[in-house]
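Colleague: Please put the chain on the screen, and then let me ask about it one point at a time.

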Amino acid sequence: MMSLLRKYSSIDEEFNSEADPIGSMANLFDVSIVFIVALFFALFMAYSTLDLFNPDSELVITKTMANGEIQIITKKGKDIKIEKVTETSESGRGVKLGTAYKLEDGRVIYIPED
């Protein structure tokens with residue numbers, strides 16, 4: 001009789017350990033976290049923006065918004081500066097410095113005025 005009880009108790013232990021649905025959920029959660037982190041790094045590598053994390057790098061990014069507004073993002077060392085490009089023209093007083101000419105091959109030549 002005792003041997004039968006031992007036999008059935010070992011079957012119950014095996015059944016309970018294999019039928020635990022929550023036990024596999026922890027492993028799925030770990031795998032999903034690793035997958036998300038891998039996608040995060042792949043995204044940064046695809047857009048070559050790993051220089052954002054380098055404190056010694058200099059980076060300029062031009063971004064066009066959905067409404068047509070243009071932003072220029074400049075990073076020098078740890079300083080990040082965002083400038084908005086607008087259609088408005090500026091006016092003021094100034095001094096003529098010279099004349100610029102565009103050649104047929106596309107080059108621009110600046111001739112200072114003395």
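Modeller: Contact means heavy atoms within 4.5 Å. This is a predicted model, in which local features need pLDDT of at least 70 and side-chain atom pairs count only at pLDDT 80 or more, while totals for chains, interfaces and linings use all residues. Residues are numbered from 1 along each chain as its sequence is written, and side-chain values use heavy atoms, without hydrogens and water.

Colleague: Among contacts between residues at least 6 apart in sequence, what share joins residues at least 24 apart?

Modeller: The count takes in contacts in the chain whose residues are at least 6 apart in sequence. Of these, the share that joins residues at least 24 apart is 1%.

Colleague: What pattern does the chain follow along the sequence?

Modeller: Helices (H or I, at least four residues) and strands (E, at least two) are DSSP runs, numbered from the N terminus. The chain has two helices and five strands. Read along the sequence, the pattern is α-α-β-β-β-β-β.

Colleague: In what order do the three strands of the open sheet stand?

Modeller: Two strands pair if DSSP finds at least two bridges between them. E1 and E2 are antiparallel and share seven bridges, and another seven bridges join E2 to E3, again antiparallel. The open sheet therefore has the order E1-E2-E3.

Colleague: Which strands stand at the edges of the sheet?

Modeller: An edge strand here has a single partner, so one of its sides is left without a neighbour in the sheet. That applies to E1 (58-64) and E3.

Colleague: What is the average twist from one strand to the next?

Modeller: Axes are lines fitted to C-alpha atoms (for helices over the stretch in contact), and angles run from 0 to 180 degrees between N-to-C directions. From one strand to the next, the twist averages 15 degrees.

Colleague: Which residue in the hairpin of E2 and E3 takes a positive phi?

Modeller: Strand E2 covers residues 70-76, and E3 covers residues 79-85. Two residues lie between the strands of this hairpin. The positive phi, near 65 degrees, belongs to Gly77.

Colleague: Is Thr74 buried or exposed?

Modeller: Buried means under 20% relative accessible area, exposed over 50%, and partly exposed in between (1.4 Å probe, protein chains only). Thr74 lies in strand E2 and touches Leu59, Val60, Asp79, Ile80 and Lys81, leaving aside residues up to four places away in sequence. Its relative accessible area is 18%, so Thr74 is buried.

Colleague: How many of the seven residues of E3 are buried?

Modeller: Across the chain of 114 residues, buried ones make up 8%. Strand E3 is hardly covered, and its count of buried residues is zero.

Colleague: How many salt bridges does a search of the whole structure find?

Modeller: A salt bridge is a side-chain nitrogen of Lys or Arg within 4 Å of a carboxyl oxygen of Asp or Glu. One joins Glu83 and Lys81 at 3.1 Å, and another joins Arg107 and Asp105 at 2.9 Å. Lys96 and Glu113 also meet in one, at 3.7 Å from N to O. The search of the whole structure finds three.

Colleague: How many residues apart are Lys96 and Glu113?

Modeller: Lys96 is in the loop between E3 and strand E4 (98-102), and Glu113 is in the segment after strand E5 (108-112). Lys96 is exposed at 56% relative accessible area, whereas Glu113 is partly exposed at 46%. The pair links distant parts of the chain, and its separation is 17 residues.
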